[in-house]
Amino acid sequence: MINNMDLTQKQYDTLKEIINIGVGKSAATLNEMLQSHIDLSVPKIAVQSIDECTDLLLNTNSIDKSQLSAVKMNFHGSLNGCAELIFPQDSASHLVSSLIGEIPTNDEVVDLKAGTVSEVGNIILNGVMGSITNLINGHVEYTPLEYFEGDHKNILRIEITDKNTVIIFADTKFIVKDLNITGNIILMYSVDTFKKLEIIIDRMNL
Amino acid sequence: MAKLLIVDDSFILRRWVKDILKETDYDIIEAANGKLALDEINQTPPDCIILDLLMPEYDGMYFLEQAKSKNINIPIIILSADIQKTTKKKCMDLGAFDFLNKPPEKESLINTINRALLSNDK
């Protein structure tokens, strides 16, 4: 079994700091967009097998268990994996009215919510991933964003069939108290071997 | 009146940019992907293009390559959420006029468009 204990404390701290910087950059962008303070939780980071990671995702208390709106972006290159931005439906609606400046009618609510959450997701997830790849002097290519609505079991599906895949999982919750918006930024990196992870982390420590 | 073409698959982003530029006197047209943008250019060439990168049906990078190979001399401003230094370099190497990150900032966007339009006059 692979767990966090397979990382040295220095490697774990560095990984956490890389992710903190990426999430922090995105929070600053969201702060500018919404003109409101963003509270961030300390990222929860785990290095686990695919099965353990699936259990962790489905059982985490951090993510709302109601209906969710989410955007997902896959990436490959120096790092492979996916990034997701998840909002409870109420928060997604508040996000739309905060950014668009109007409360959508029933006819346009679906398109506006999907369009707004997708574009916010595009900016936030690129902010996180771009900061991280810039830090490690790497480069990733992105696939177009996918928008989802559903419960947490549908949205937090991991589409990797190889049971030997190791996942670096990071979950950061953010809260915009003024606007009644909460959400989660989830990063999942599939690391082919721990060797690759060690090389990336060691490069950070140069 | 200068004609601007906004190329982005997100209607929210196109709406956002138009809102930022509403006090200017640009004539703004839109395309939802690179293929439609190339069609638009063949019909009525704009004076400046604001281009997203990640789009279905001819992404921004392919559009830049096509513009370069077809000698389309219209200044192209990239407006992307991708903040990777390597992506910016690739776009500039392909002839982009400038590279801005989303979300668009009013002053920066208008200044960059004005610089692009001036460069097109030369």
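## A salt bridge within chain A

In this predicted model, D39(A) and K177(A) form a salt bridge whose closest N and O atoms are 3.8 Å apart. D39(A) belongs to strand 1 (residues 39–40) of chain A, whereas K177(A) sits in the loop between strand 7 (166–176) and strand 8 (181–191), so the pair ties together parts that are 138 residues apart in sequence. The two partners can also be described by their accessibility: D39(A) counts as partly exposed at 27% relative accessibility, while K177(A), at 63%, counts as exposed.

## Salt bridges within chain B

The side chains of K102(B) and D52(B) meet in a salt bridge, with an N to O distance of 3.3 Å. This pair links distant parts of chain B, since K102(B) lies in the loop between strand 5 (98–101) and helix 5 (106–121) and D52(B) in the loop between strand 3 (48–51) and helix 3 (60–69), 50 residues apart. K102(B) is buried, with a relative accessibility of 5%, and D52(B) is likewise buried, at 4%.

A salt bridge also joins D98(B) to R115(B), the closest N and O atoms being 2.6 Å apart. Here strand 5 of chain B, which holds D98(B), is linked to helix 5 of chain B, which holds R115(B), across 17 residues of sequence. D98(B) counts as buried at 16% relative accessibility, whereas R115(B) is partly exposed, with a relative accessible area of 42%.

Salt bridges that share partners join E119(A), D8(B), D52(B) and K102(B) into one network. Over all chains, a search of the whole structure finds eleven salt bridges.

## The interface of chains A and B

The contact takes 26 residues from chain A and 18 residues from chain B, and the two chains bury about 1,800 Å² between them, 63% of it on carbon and sulfur atoms. Of the area that chain B buries against chain A, L54(B), I83(B) and Q84(B) supply 31%, more than any other three residues.

Two salt bridges are found across the interface of chain B and chain A, and the side chains of E141(A) and K90(B) meet in a salt bridge with an N to O distance of 4.0 Å. Eight residue pairs, with both residues at pLDDT 80 or more, are in polar contact across the interface of the two chains. On the side of chain B that touches chain A, the elements that give two or more residues are helix 1 (11–20) and helix 4 (85–93) of chain B, and helix 1 gives the most, with five residues. The residues of this side divide into eight nonpolar, four polar and six charged.

Methods
Residues are numbered from 1 along each chain as its sequence is written. Chains are lettered from A and ligands numbered from 1 in the order in which they are written. This is a predicted model: local features need pLDDT of at least 70, side-chain atom pairs count only at pLDDT 80 or more; totals for chains, interfaces and linings use all residues. Side-chain values use heavy atoms; hydrogens and water are left out. Helices (H or I, at least four residues) and strands (E, at least two) are DSSP runs, numbered from the N terminus. Buried means under 20% relative accessible area, exposed over 50%, partly exposed in between (1.4 Å probe, protein chains only). Contact means heavy atoms within 4.5 Å. Buried area is the accessible area (1.4 Å probe) that two parts lose on being put together, summed over both. A polar contact is a pair of N or O atoms within 3.5 Å; within protein, one must be able to donate a hydrogen and the other to accept it, and residues adjacent in sequence count only if both atoms are side-chain atoms. Ala, Val, Leu, Ile, Met, Phe, Trp, Tyr, Cys and Pro count as nonpolar, Asp, Glu, Lys and Arg as charged, and the others, Gly among them, as polar.
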